[in-house]
Amino acid sequence: GGSVNAQSGRDGVSWGLVALVFQILVDFLVRLAIPNLSARIEAGQLAPAILLAAASFAAGVVDAASMTY
C-alpha cells in the first residue's frame with residue numbers, strides 16, 4: 001500500500017489526503033446521480049446501496065493502485 005512505499009511521513013499523509021478527497025468525490029458523484037440515496041437505502045432498496053458500495057470499493061482500488069509502484 002501507500003504507507004509501505006511512502007518516502008516520508010509527509011508523503012504518506014499527502015497520499016492519504018489525495019485518497020480521502022477521491023473517496024469524497026466518488027461519494028458526491030453517486031449521491032448526485034441517485035437522488036435521496038440515504039432515504040432509499042433506509043427504505044430497504046438494495047440497488048442504490050450496492051452501487052454506492054461498488055463505487056466506494058472501486059475508488060479504493062484506484063487509490064491503492066495509484067499509491068504503489
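Leaving aside neighbours within four places in sequence, with which residues is Asp63 in contact? In this predicted model, Asp63 is in contact with Ala19, Phe22 and Gln23, where contact means heavy atoms within 4.5 Å. Asp63 lies in helix α4, and at 9% relative accessibility Asp63 counts as buried. Buried here means under 20% relative accessible area, exposed means over 50%, and partly exposed covers what lies in between, with a 1.4 Å probe and protein chains only. The C-alpha atoms of Asp63 and Trp15 are separated by 8.7 Å, although the two residues are 48 apart along the chain.

Residues are numbered from 1 along each chain as its sequence is written, and side-chain values use heavy atoms, with hydrogens and water left out. Since the model is predicted, local features need pLDDT of at least 70 and side-chain atom pairs count only at pLDDT 80 or more, whereas totals for chains, interfaces and linings use all residues.

The pLDDT, which is the predictor's confidence in each residue from 0 to 100, averages 88 over the protein chain, and 88% of the residues score at least 70. Confidence is lowest in helix α1 (residues 2-5), with a mean of 54, and highest in α3, with 95. Where pLDDT is low, the predicted coordinates should not be read in detail.

The secondary structure of the protein chain consists of four helices and zero strands, in the order α-α-α-α from the N terminus. Helices (H or I, at least four residues) and strands (E, at least two) are DSSP runs, numbered from the N terminus. Of the 69 residues of the protein chain, 17% count as buried. Among contacts in the protein chain with a separation of 6 or more, 59% are accounted for by residues 24 or more positions apart. The accessible surface of the protein chain is about 4800 Å², and 71% of this area belongs to carbon and sulfur atoms; accessible areas come from the Shrake-Rupley method with a 1.4 Å probe, and for residues only the protein chains shown count as cover.

Helix α2 has 25 residues, which at 1.5 Å a residue should span 36 Å; the end C-alpha atoms of α2 are 36 Å apart, in agreement. The expected span is 1.5 Å times one less than the number of residues in the helix. Ala19, Val26 and Val30 are buried in α2, and the cover over the buried residues of α2 includes α3 and α4 (46-66).

On the surface, Val13, Leu17, Leu20 and Ile24 form a nonpolar patch with about 380 Å² of accessible area together. Patches are made of residues with over 30% relative accessible area and no salt bridge; like charges are joined within 9 Å, and nonpolar side chains (Val, Leu, Ile, Met, Phe, Trp, Tyr) within 5 Å. Leu20, found in helix α2, counts as partly exposed at 46% relative accessibility.

Side chains of opposite charge can pair when their charged atoms come close. A salt bridge is defined as a side-chain nitrogen of Lys or Arg within 4 Å of a carboxyl oxygen of Asp or Glu, and by this rule the count is one. Arg31 forms a salt bridge with Asp27, with the closest N and O atoms 2.9 Å apart. Because Arg31 and Asp27 are four residues apart in helix α2, about one helical turn separates them. Arg31 is partly exposed, with a relative accessible area of 38%, and Asp27 is also partly exposed, with 25%. The C-alpha atoms of Asp27 and Ser56, residues that are 29 apart along the chain, are separated by 7.1 Å.

Asn36 lies in the loop between α2 (9-33) and α3 (37-42). The phi of Asn36 is near 55°, a positive value in a residue other than glycine. Asn36 is exposed, with a relative accessible area of 57%.
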